[in-house]
Amino acid sequence: MKDNDILKTKVMGHRGAALLAPENTLASIRAAANAGATWVEVDVYLIAEGGLIIFHDDTLDRCTTGTGVTRDAHPVSVAELDAGSWFSAEFVGENVPTLLDALECIQSLGLGLNLEIKHDGADVENIVPAVLTVLRDHWQDNDNLMISSFNHAALRMCYDMDADRHLAQLYEEIPENWQAEMEAIKGYSVNCDYSRLTKAQAQAVKAAGYKLLCYTANDPQKVETHWAWGMDAVITDDPTKFAFLSA
Ligand code: G3P
Ligand code: MG
């Protein structure tokens, strides 16, 4: 568990603000800020030549004009792709950001960052040191940063390499051994799918002293009970839906 409390928001934009602009682009990060979010979640993906991009999928097809396996893509080729036209004509010409592009944008907007490390098996040993190096050199305020992953080994590696980071273990469904995993990484937050969370699980997470974040909720009514269970923040594609929380 971490002593200092960094989460000063109840609303975190998902992939920027994925319902308002093409996910995981700078436009999406700006849209989240315009919608009132003070934190954003984005996904970081390792590609060829050690490149780090903000991207969710294992293939380029859905969210860019490119095709093929994301991890095999070359940074120079990725830089030429359009990541906005699939969403709407308004966003034609939007790029796939590098991790560095995103860090600069997020900091210039004064947002907090939940950086989700995506992984592809053996890539864990490559992506974690690469991400931590970029963060060390280009992210100023450790209290405005959470690193999350579904991959426990990736978080273990983060913890071993830099014990000061605030780590969030992602779960689709909270497993039996969640507490052991959180203790192993001196974790800060459990981030889970709101639709699979039970009241008992939520209360156990809170009783153990951890933050509890839920993804991906776009309808406030669907997580109404979760606040009562102790949920600290919601990760949403549309922060405008939760603007009433900060009013
Ligand atoms: O961090 C919460 C959420 O982003 C996890 O799922 O697949 O949208 O990255 P995914
Ligand atoms: Mg994510």
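Author: Gladly! Let us begin with the word "near": a residue is near a molecule if its C-beta atom, placed from the backbone, lies within 6 Å of it. Please keep in mind that this is a predicted model.

Reader: Which residues are around ligand 1?

Author: With that cut-off, the residues around ligand 1 are H14, E41, D43, H56, E116, S148, L170, N191, Y215 and I235.

Reader: How do you know whether the radius of gyration of the protein agrees with a compact globule?

Author: For 247 residues, the value for a compact globule would be near 18 Å, and the protein has 17 Å, so the two agree. Along the principal axes, its C-alpha atoms fill a box of roughly 50 × 40 × 30 Å. Inside are eight helices and nine strands, and buried residues make up 47% of the 247 residues.

Reader: Why is helix α1 called largely enclosed?

Author: A residue is buried if 20 or more other C-beta atoms lie within 10 Å of its own. Eight of the nine residues of α1 (residues 26-34) are buried, so the rest of the structure largely encloses this helix. The buried ones are L26, A27, S28, I29, R30, A31, A32 and A33, and they pack against β1 (11-14), β2 (39-46) and α3 (99-108). Just after α1, G36 takes a positive phi of about 100°.

Reader: How do you know what span to expect for helix α4?

Author: The expected span is 1.5 Å times one less than the number of residues. Helix α4 (residues 124-138) has 15 residues, and its span of 21 Å from first C-alpha to last is close to the expected 21 Å.

Reader: And what makes the buried residues of α4 lie on the same side?

Author: The buried residues of α4 include I127, V128, V131 and L135. They cover an arc of only 100° around the axis, which puts them on the same side of α4. An α-helix has 3.6 residues a turn, so residues three or four places apart point the same way. The cover over the buried residues of α4 includes β2, β3 (52-54), α3, β4 (112-117) and α5 (152-161). On the face turned away from the buried side of α4 are the exposed residues E125, R136 and D137.

Terms used. Residues are numbered from 1 along each chain as its sequence is written. Chains are lettered from A and ligands numbered from 1 in the order in which they are written. This is a predicted model: local features need pLDDT of at least 70, side-chain atom pairs count only at pLDDT 80 or more; totals for chains, interfaces and linings use all residues. Helices (H or I, at least four residues) and strands (E, at least two) are DSSP runs, numbered from the N terminus. The radius of gyration is taken over C-alpha atoms; the globule rule is 2.2 Å times the number of residues to the power 0.38. A residue is buried if 20 or more other C-beta atoms lie within 10 Å of its own, exposed if 12 or fewer, and partly exposed in between; C-beta atoms are placed from the backbone. Two residues are in contact if their C-beta atoms, placed from the backbone, lie within 7 Å. The arc is that of the directions from the helix axis to the C-beta atoms.
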